[in-house]
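Here are my notes on the model you asked me to look over.

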Amino acid sequence: MADPPKTSFPFPPPEQPSSVKMIAVMGSVGLIASVLLVATFQLTSPQIARNKQAQLEAAVLEVLPGATYFKPFSPTGDGGLAAVSEDDTPDFTFYVGYDSLNANALVGVAIEAQGQGYADVIRILYGYDPACECVVGMKVLESKETPGLGDKIAKDPAFLSNFEALDVKLGPDGETLVNEVVLVKQGTKTEAWQIDAITGATISSQAITDIIWSSTQVLLPLIQTNLTTLQEGS
Amino acid sequence: MTTQEETATPLPPRSEPPSDMDTFIKGLWRDNPVFVQVLGMCPVLAVTNTVINSVVMGLATTFVLLMSSIFVSLFRKVIPKQVRIASFILIIATFVTMADYVIQAVSLEVHQSLGAFISLIVVNCLILGRAEAFSSKNTVGKSMLDAVGMGVGFTFSLLCLGVVREVLGNGTFAGISVFGPSFEPWVVMILPGGAFFVLGAWLLLFNWMRERKKQQEEVFA
């Protein structure tokens, strides 16, 4: 082995290399490292951006069964909604889904929402059908929930079936929901506005419930009042 | 650190210098990074809850190990002893970041399920350990063999844990149901506690096998 000789007492100590050499070596290693990193970033970043966009687009169509394409809308600030143009980057975007096979009829609105989970923030996308006034789909976009337990909110078919027709009807005043979206113990769901919890992942299930409850309260009145804008927006 | 010098006890068959095959094989079995050297416990315990996670983590670690071994070995004569650890870490961190980007580009889902553990490959002591103990003293070719051997051994060990934990803890193998719907999963296997149980059981098995082999060799000597 090309090990440098071990220095023990009878030998003179090894020569200290000059600081210049050490700095030069560290600098060159750093330079090579940064070149490699920049190259990798340049090569992968378009693909990563495409993956993220594809994930979102797939999610929009996933939470809006029957929709074939969608258009982004954003709040105008004075209680209205307007289509987002190509180069706009609004703070908040609704993804409005239409069905091209059915005269471009409005199918529903996909809404991004987030809230605190058991570990870090959970980001979800849910689909709202203004005709039946219910949530028709939910997908977890980002979560750091405990693998194997809390992350079941994203995969468990029994849990996801809660969001196929979750009742979020607005009252006659058009401002508040008739029934509060509540979490119930697994297997005890009796009403359309209840969500069956996942055994062993109550906190994560509660988090999803809270996210949907707080988001629907604020946004559904806005969508219902601007329904004609969205219907004509196809 | 277990190096060849320590383990190559004067037993009859092993007197010539280690061949290339030995350099490769020792990472798989005799110096297995997890079951013998007990290195890199953080990913071993944390991400082995599913088979897919274990494989991706194993492959990412192997990639980082291989690339940093090549670089460390290439530069071993120019890097002064005083700044070697800093240089090695810089090299390792570079390849970890590259692996991180590549995994994101290949599959966002896998990247999300591995979370912070990809960045934590930087501090996996297996990689710095091999850089310091092997590739900083050996030729590029030998270092590559050593790195691939260790990497495959590490991936194999992660799989040993991942398979047991996913099958018992979730009733599935790589997402495919094994026992059918009536199986009640052992939730503890998915949790961190389960990782310790399974690791303990594997270490017990490996050490028992090594002891037995040693005893047999003593009898025949």
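**Notes on the two chains**

1. Of the 234 residues in chain A, 30% count as buried. Please keep in mind as you read that this is a predicted model.

2. Chain A is built from 5 helices and 9 strands. Following the sequence, their order is α-β-β-β-β-β-β-α-α-β-β-β-α-α.

3. On contact range in chain A, consider the contacts between residues at least 6 apart in sequence: 57% of these join residues at least 24 apart.

4. Turning to chain B, 41% of its 221 residues count as buried. Its secondary structure consists of 10 helices and 2 strands, and along the sequence the pattern reads α-α-α-α-α-α-α-α-β-β-α-α.

5. For contacts in chain B with a separation of 6 or more, residues 24 or more positions apart account for 76%.

6. Now to where the chains meet: 26 residues of chain B are in contact with 27 residues of chain A. On the chain B side, the elements giving two or more residues are helix H5 (84-106), helix H6 (108-114), helix H8 (140-170) and helix H9 (187-190) of chain B.

7. Which element provides the largest share of the side of chain B that touches chain A? That is H5(B), with 11 residues.

How values were computed: Residues numbered from 1 in each chain as written. Chains lettered and ligands numbered in written order. Predicted model: local features only at pLDDT ≥ 70, side-chain atom pairs only at ≥ 80, totals over all residues. Contact = placed C-beta atoms within 7 Å. Helix = DSSP H or I, 4+ residues; strand = E, 2+ residues; numbered from the N terminus. Buried ≥ 20, exposed ≤ 12 C-beta atoms within 10 Å, placed from the backbone.
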